[in-house]
Amino acid sequence: MRKIWLNRWFSVAYHYVNLIRNNEDGERFEFYGTHPSIDHVSLSACDVKETEPKVEGEAYIEFCLDFCRRHGIDLFIPRLHMELIARHIRRFEEIGTRVMVCSDMELLENMMNKEKFYRSLEGKGIVEIPNYRVVRTAGQFAQAYQELRAEGEKVCFKPTEAEGGMGFRIIKEEAGDPLEELYGWVTLETTYEEAYRTLSSVESFDDLMVMEMLEGDEYSIDCLADAAGNLLTAVPRLKSEGRVYQLEYSEELLALSRRIAENCRIPYAFNVQVKYNKGVPKLLEINPRMSGGLYITCLSGVNFPYYAVKAAFGEECRPPEPEFGIKASYVEQAVRLDQVRGKAVISDL
């Protein structure tokens, strides 16, 4: 029985583990999970769980190597400190642990920084890039905003290095009623004046990408590739209203995913996020890992996490043709945290 470890993943890792465990080939695995909170729901799907130490750099690598040695881990699927772990992948291979991560450091570092990644793709005919500027001062922010508005764009901004929607804001053109906003829903909107005033409070700040607001449909394209980055299958997932998603066949988006795969060679499972504007799909970002909504995409009949694991073990992967035209949603599920599949091991190393 092969042993798989997932470190500090999102709560959806609960679904990944169960998808891999309930694979169509009847392959048996033992799952290990770590997180700073021993009650994190992702750990409840694992056979063995441990408390993860709050350390960084070499201390974290030493923790990971020790964990793999102690438990005889065959495959490590990292989420936290993915870049750091990729830099030390040979140290894991030397103790017999495979790591399911992109080992092309230049590519991985580019994908983790939107400015670098956009620059690496610009002008290559792979995917359209939004109109953007990168700023570090309030003055640069003001100039970028004015230039984009002069070009007829609505404007938003986001840190160049951020995960998910962290730091994303939409600049609204008119200030609303403050009392109504106080009693209303929390939004991602801010005024130019509010943003400029906040940014002006410091001499400089971490890189912000000021860009055109993409107002059309948003798609997450979940992709599966072998260890060499050859694309095996892809499924576009439309984010509709609320919690509704649709798995759609789109030759335009499938061709886009093929071009990205051919040029970037991202291995295993990755996710391409695009949003339409004026009829053109433009790149938001690429996540070189399993996406948060991947368990929904698996309703297509393709067990993405399991096939990614097979690819990481160097095995041949022949996923079935995905089913499209599926409309899906999700609901909360109660999970008992005082019941574990196997022996619980708590460590504060």
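These legends go with a set of close-up views of one predicted model.

The model is predicted, so local features need pLDDT of at least 70 and side-chain atom pairs count only at pLDDT 80 or more, while totals for chains, interfaces and linings use all residues. Residues are numbered from 1 along each chain as its sequence is written, and side-chain values use heavy atoms, with hydrogens and water left out.

**View 1. Helix 1 under its cover.** Helix 1 spans residues 13-21 and is mostly covered, with seven of its nine residues buried. Helices here are DSSP runs of H or I with at least four residues, strands are runs of E with at least two, and both are numbered from the N terminus. Buried means under 20% relative accessible area, exposed means over 50%, and partly exposed is in between (1.4 Å probe, protein chains only). The buried residues of helix 1 are Ala13, Tyr14, Tyr16, Val17, Asn18, Ile20 and Arg21.

**View 2. Helix 1 against helix 12.** Two packed helices are described by the angle between their axes and the distance between the axes. For helix 1 and helix 12 the angle is about 70 degrees, and the axes are 7 Å apart. Axes are lines fitted to C-alpha atoms, for helices over the stretch in contact, and angles run from 0 to 180 degrees between N-to-C directions. The crossing is right-handed, a label used if the near helix is turned clockwise from the far one by less than a right angle, with anticlockwise giving left-handed. Tyr16, Leu19 and Ile20 of helix 1 meet Pro305, Tyr306 and Val309 of helix 12, where contact means heavy atoms within 4.5 Å. By class, that contact has six nonpolar, no polar and no charged residues. The classes put Ala, Val, Leu, Ile, Met, Phe, Trp, Tyr, Cys and Pro under nonpolar, Asp, Glu, Lys and Arg under charged, and the others, Gly among them, under polar.

**View 3. Helix 7 against helix 9.** The axes of helix 7 (residues 138-150) and helix 9 (residues 192-199) come within 9 Å and cross at roughly 155 degrees. The two helices are therefore roughly antiparallel to each other, and helix 7 passes helix 9 in a right-handed crossing. On the helix 7 side, the contact uses Ala138, Phe141, Ala142, Tyr145 and Gln146; helix 9 brings Tyr192, Ala195, Tyr196 and Leu199. Sorted by class, these give eight nonpolar, one polar and no charged residues.

**View 4. Cysteines without a partner.** With a disulfide taken as a pair of cysteine sulfur atoms within 2.5 Å, the count comes to zero. The cysteine sulfur closest to that of Cys223 is in Cys264, 11 Å away and too far for a bond. Cys264 is in no disulfide either, as the nearest cysteine sulfur, that of Cys102, is 9.2 Å away. Cys223 is buried at 1% relative accessibility, and Cys264 is buried at 10%.

**View 5. Two positive phi values.** Arg8 has phi near 30 degrees, a positive value in a residue other than glycine. Look for Arg8 in the loop between strand 1 and helix 1, where it is partly exposed at 32% relative accessibility. His81 is not a glycine, but its phi is positive too, at about 55 degrees. That residue sits in the loop between strand 4 (75-78) and helix 3 (82-87) and is partly exposed at 25%.

**View 6. Ser220 in strand 11.** Strand 11 (residues 218-225) holds Ser220, which is buried with a relative accessible area of 12%. Setting aside neighbours within four places in sequence, Ser220 is in contact with Val235, Pro236, Arg237, Asn271, Val272 and Gln273.

**View 7. Lys154 in its loop.** Lys154 belongs to the loop between helix 7 and strand 7 (155-159) and is partly exposed at 43% relative accessibility. Beyond its neighbours within four places in sequence, Lys154 is in contact with Arg149, Met211, Glu212, Met213 and Glu215. Phe205 is 51 residues from Lys154 in sequence and 23 Å away in space, C-alpha to C-alpha.

Notes:
Angles under 35 degrees count as roughly parallel, over 145 as roughly antiparallel, 65 to 115 as roughly perpendicular and the rest as oblique.
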